[in-house]
Amino acid sequence: MTNKVRIASASLAGCFGCHMSLLDIDERLIDLVAQIEFDRTPLTDIKQIGSCDVGLIEGGVCNAENVEVLKAFRRHCNILVAVGACAINGGVPAMRNQYSLAECLEEAYLSGSGIDNPQIPSDPELPLLLNQVHPVHEVVWIDYFLPGCPPSADTIFTFLDELLSGRPIQFAYRQIHYD
Amino acid sequence: MSPSFKIDGVTVPFEAGQSIMEAALAAKIYIPHLCHNPEFHPHGSCRLCCVTTDGRSVAACTTPALDGMEVANETHEITTQRRLLLKLLFVEGNHVCPACEKSGACQLQAVAYHCGMLAPEFVHFYPRRAVDASHPETIIDFNRCILCELCVRASREYDKKGVFSIGGRGIQAHLMINSPSGKLGDSRFSAADKAARVCPVGAILPKHRGYEVPIGKRLYDQESISRVGDVAAHQERDHDE
Amino acid sequence: MVEDKPKQTLQNMLNDRESDPTHLLQTLIEVQQAFRYIPHDAIDRLAESLGLGRAFILGVIEFYSFLHLEPRGEYDILLSDNATDQMQGSRLLAELLSRRLAVPIGGTRGDYRVSLGYTSCTGMGDQGPAALVNGRAVTRLSSERIDRMVSLIEQALPLDQWPSELFAVTAGVKRRDIILNSDYSAGAAIRHALEHGPEALLDLLEQSGLRGCGGAGFSTGKKWRFCAGAEAAEHYVVCNADEGEPGTFKDRYLLQAHADRLFEGMTLCAAVIGARRGFLYLRGEYRYLLEPLHKTLQQRREHNLLGRSILGRQGFDFDIEIHLGAGAYICGEESALIESLEGKRGIPRNRPPFPVIQGYRGMPTVVNNVETLANAAMIAQQGAAWFRSVGTAQSPGTKLLSISGDCERPGIYEFPFGTPIGEILAACQAHHTQAVQIGGAAGRLIPATEFGRTLAFEDLATGGSFMVFNQGRELLKAIDNFSRFFSHESCGFCTPCRVGTSMLVRQLGKVMVGHATTKDLDELATLGTLMRQTSHCGLGQTAANPILDGLEKFPGIFQARLRSTSFEPAFDLDASLQEARALTGRNDPGAHLEGGGV
Ligand SMILES: Cc1cc2nc3c(=O)[nH]c(=O)nc-3n(C[C@H](O)[C@H](O)[C@H](O)COP(=O)(O)O)c2cc1C
Ligand code: SF4
Ligand code: SF4
Ligand code: SF4
Ligand code: FES
């Protein structure tokens with residue numbers, strides 16, 4: 001047993017930008033890594049999430065698989081964090097909420113331009129889409145929100161650093177932004 | 001002796017007839033606000049400026065200052081209240097800041113930053129609202145309208161055109177354009193109108209201009225609105241230059 | 001069909017109007033009555049003749065529930081949807097109507113014969129379930145009455161040929177006290193004012209301690225004094241007969257049975273403040289009273305109690321016009337009412353300035369409730385001591401209550417202030433009472449442990465609504481009904497109420513269907529408190545009362561429906577895949593989501 005803090009992360013309906021920002025922490029990451037270890041993340045090979053201290057969720061909830069992953073994270077993580085605009089309010093993917101799912105799929109697979117074999121995919125391997133994209137806090141309880149598209153490396157670092165050291169989490173003015 | 005009152009313990013002089021907001025602005029004390037713009041009649045609709053005095057919550061922009069009154073403004077309790085109001089505004093519309101040209105110079109964002117709002121947290125309404133791109137120079141994105149009625153007031157009181165009105169009621173309340181088709185391109189609106197420069201958010205935007213100021217260097221990117229001031233005032237200054 | 005109506009009618013209707021924008025709302029109501037909607041021609045013509053923007057006019061139309069941009073059926077049926085109507089089975093009757101007439105609730109039949117929908121409380125709580133057909137009140141609905149209505153509609157018999165008993169509105173006074181037991185003598189109050197002068201009358205009113213009966217309880221004498229003291233070219237007196245508070249119908253009774261007292265009170269006020277014009281703002285639901293009220297006004301003119309040189313006093317000229325509302329509860333708020341009188345959307349104004357300083361057309365204006373004005377007339381006639389002979393020191397006199405819900409004798413009751421709730425319940429023969437909602441949806445929910453409290457401004461104030469719920473009732477349903485009422489009636493001006501009322505409904509809905517957790521209750525309380533503290537007007541400040549009182553006084557009714565999980569999703573997970581299942585034709589296990597939270 002180590003007493004390192006176990007962190008998992010996932011990208012739902014997001015663009016991996018938030019994960020990029022996490023990597024952007026640069027050399028400070030090395031200090032961090034000494035204190036943490038990664039469970040399931042896009043950076044590791046672990047497929048099933050195990051018991052974790054912190055879960056970082058990027059992206060909103062757009063399909064059935066997102067729901068399952070999110071619930072698994074909630075079950076296994078003590079602290080679950082919504083990271084970035086899409087997790088927090090659906091972000092750009094939620095712009096499809098202006099249309100019905102039928103309209104979206106018809107445009108994408110049936111009537112849009114450059115389509116040669118028009119049909120709506122129905123393979124059981126594919127996760128079904130929800131009729132709307134939702135922010136993660138509408139599906140599970142979220143303990144903390146890190147805004148930004150993506151949140152800056154500095155914001156993520158400050159958050160992790162203060163969390164690990166047990167200090168109250170406080171951001172400087174420049175560390176909170178929604179874009 | 002001229003009359004005075006206190007905001008969070010700081011003495012603020014005022015002239016008879018001034019509102020708490022007017023006196024505070026003159027004394028350079030920031031009271032968060034969205035629907036207030038000193039150039040127009042006070043409105044009192046966003047409720048962001050609510051302060052407490054005598055145990056009552058009142059809108060600073062519509063409440064007259066009284067000699068000797070004690071006003072609480074930036075207390076923990078009131079800031080929490082303001083965050084809630086901001087959250088309501090965020091979930092009521094569709095605010096995709098990363099895709100909004102106003103981001104960084106948006107007063108809704110700026111007040112939310114000032115009040116330390118991390119996320120809207122409530123359940124989102126995701127209303128279906130249109131974008132009106134019919135005007136050659138100006139675009140209206142109703143998804144971002146917070147119903148502050150500044151454009152309504154500017155067009156009615158200043159431009160004397162009455163281009164904007166409010167329709168519906170309750171959560172269905174919405175901004176409307178006065179023209180035969182209901183479209184901006186068909187109205188008497190011009191990009192030179194005062195109404196083109198008063199919107200605190202990204203609902204009324206000039207066309208053909210994007211990323212002139214890079215992200216990170218925008219109005220509120222580095223410094224709080226409490227020091228930078230209203231975006232409308234900056235837009236007015238840019239216009240005069 | 002609607003469109004066939006000769007354009008000429010519209011032309012005439014509009015030509016009759018002077019080009020005064022304050023006539024907008026009243027003209028729109030007439031156009032709606034004549035055409036069953038507001039045709040686009042009418043909007044264009046009005047825009048031109050009144051010098052208003054089209055969007056402005058559309059904004060007014062969209063504000064009032066009784067104005068429509070799409071044609072309604074020849075028979076436009078609106079069922080009163082108050083909690084008490086529902087308790088009397090109104091929802092089932094609506095479904096029955098819907099089936100029998102083949103029209104969806106909330107829709108219009110293809111042949112435009114009939115429209116069906118719900119509307120906020122129509123003020124018939126003691127004789128419900130009630131409805132409006134083309135604006136006329138129909139009471140005591142039953143399946144038998146519905147059958148009759150259906151056949152009348154299918155025969156296309158014009159409304160004025162329907163059997164009159166369908167429209168019968170009974171007075172239903174069950175208890176009288178000093179006010180209702182005293183005889184009114186025409187002109188006595190006005191004569192008193194003319195003989196002794198305005199100052200003496202103001203003193204008399206102040207001595208009587210009369211307080212506003214619309215709910216807020218402001219001293220009537222003071223209000224009139226402020227207005228009289230405001231220098232201006234014109235002064236106005238307005239009677240607030242909007243009576244929109246769910247469960248209130250005592251003003252309806254006064255308008256029906258004692259309009260003379262009310263007009264006397266308005267004239268008295270005019271004498272004191274120096275008004276030449278007065279308005280009665282009558283809620284659209286009481287349109288059926290328009291004719292008798294006009295008749296009473298005419299009689300008063302004939303008796304020189306209105307018009308020029310009233311009772312022979314040179315220079316005392318005063319007359320009263322009736323303005324109709326059009327389905328907007330907020331127009332009962334005095335400054336919204338004034339906006340509405342000026343033909344606009346009923347958005348509450350900022351105060352100060354108060355209406356007594358700047359009201360109608362910016363002039364000093366007294367706005368009083370029907371009962372207040374009628375009482376003022378009686379006080380001028382009978383004296384202050386007479387009024388003070390009952391009631392409490394802080395709440396002198398009596399209060400008219402509209403009692404409805406679970407009791408054997410619903411109706412109008414006049415009780416002295418200071419009467420305990422338990423005594424009122426005994427008088428109306430309510431048994432096994434679980435709770436009373438006092439003061440309407442905006443009022444307070446009182447549990448049985450508090451039935452010793454009294455009717456008084458210093459304890460339980462009410463505009464007159466008194467709704468009784470017995471132990472068999474699901475209180476949560478009533479709370480849900482009231483919350484929906486507010487989200488429907490919010491004017492949409494200020495953030496906390498515009499967004500908050502809708503959020504409360506959604507959040508309470510989660511409780512109702514058993515999908516909520518304690519976190520959701522916390523959120524209800526947080527939102528409700530925010531609305532109470534920061535809303536612009538009384539509507540938003542009180543809209544969360546039913547929920548906040550429910551949480552405080554009846555926590556069990558919420559908790560019984562909670563999930564034991566700590567958090568539940570905001571939406572039904574599996575249902576949100578339904579559209580995708582339909583589009584892909586899938587129904588495999590992977591095409592479903594287990595409900596519930598983590
Ligand atoms: C949302 C709202 C609705 C109201 N509705 C009514 C009403 O229907 N009738 C009424 O007399 N007063 C109503 N009032 C109170 C009025 O604003 C005002 O206080 C009253 O008409 C004054 O008359 P009074 O002093 O005689 O009571 C309402 C207030 C609010 C905030
Ligand atoms: S208007 Fe402001 S808050 Fe809304 S999306 Fe644009 S930047 Fe964000
Ligand atoms: S468009 Fe802008 S200025 Fe006009 S009401 Fe909306 S937010 Fe206010
Ligand atoms: S509280 Fe409600 S009804 Fe009153 S002004 Fe605000 S939105 Fe309108
Ligand atoms: S700034 Fe005062 S209410 Fe909007």
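**Chain C against chain B**

I started with the contacts: 40 residues of chain C touch 39 residues of chain B. This is a predicted model, so I keep in mind that totals for interfaces use all residues, whereas side-chain atom pairs count only at pLDDT 80 or more.

Next I looked up the area. About 3000 Å² is buried between chain C and chain B, and carbon and sulfur atoms give 58% of that. On the chain C side, I noted C:Phe493, C:Thr495 and C:Arg498 as the residues that lose the most area to chain B; together they make up 18% of what that side buries.

**Charges and polar pairs**

I checked salt bridges and got 2 between chain C and chain B. One that I wrote down joins the side chains of C:Arg498 and B:Glu92, at 2.7 Å from N to O.

Which elements give two or more residues to the side of chain C that touches chain B? I find α4 (54-63), α18 (475-489), α19 (495-512) and α20 (518-534) of chain C. The largest share, 8 residues, is from α19(C). By type, I sorted this side into 16 nonpolar, 17 polar and 7 charged residues.

Conventions. Residues numbered from 1 in each chain as written. Chains lettered and ligands numbered in written order. Predicted model: local features only at pLDDT ≥ 70, side-chain atom pairs only at ≥ 80, totals over all residues. Heavy atoms only, no water. Contact = heavy atoms within 4.5 Å. Buried area = accessible area lost by both parts, 1.4 Å probe. Salt bridge = Lys/Arg side-chain N within 4 Å of Asp/Glu carboxyl O. Helix = DSSP H or I, 4+ residues; strand = E, 2+ residues; numbered from the N terminus. Nonpolar A, V, L, I, M, F, W, Y, C, P; charged D, E, K, R; others polar.
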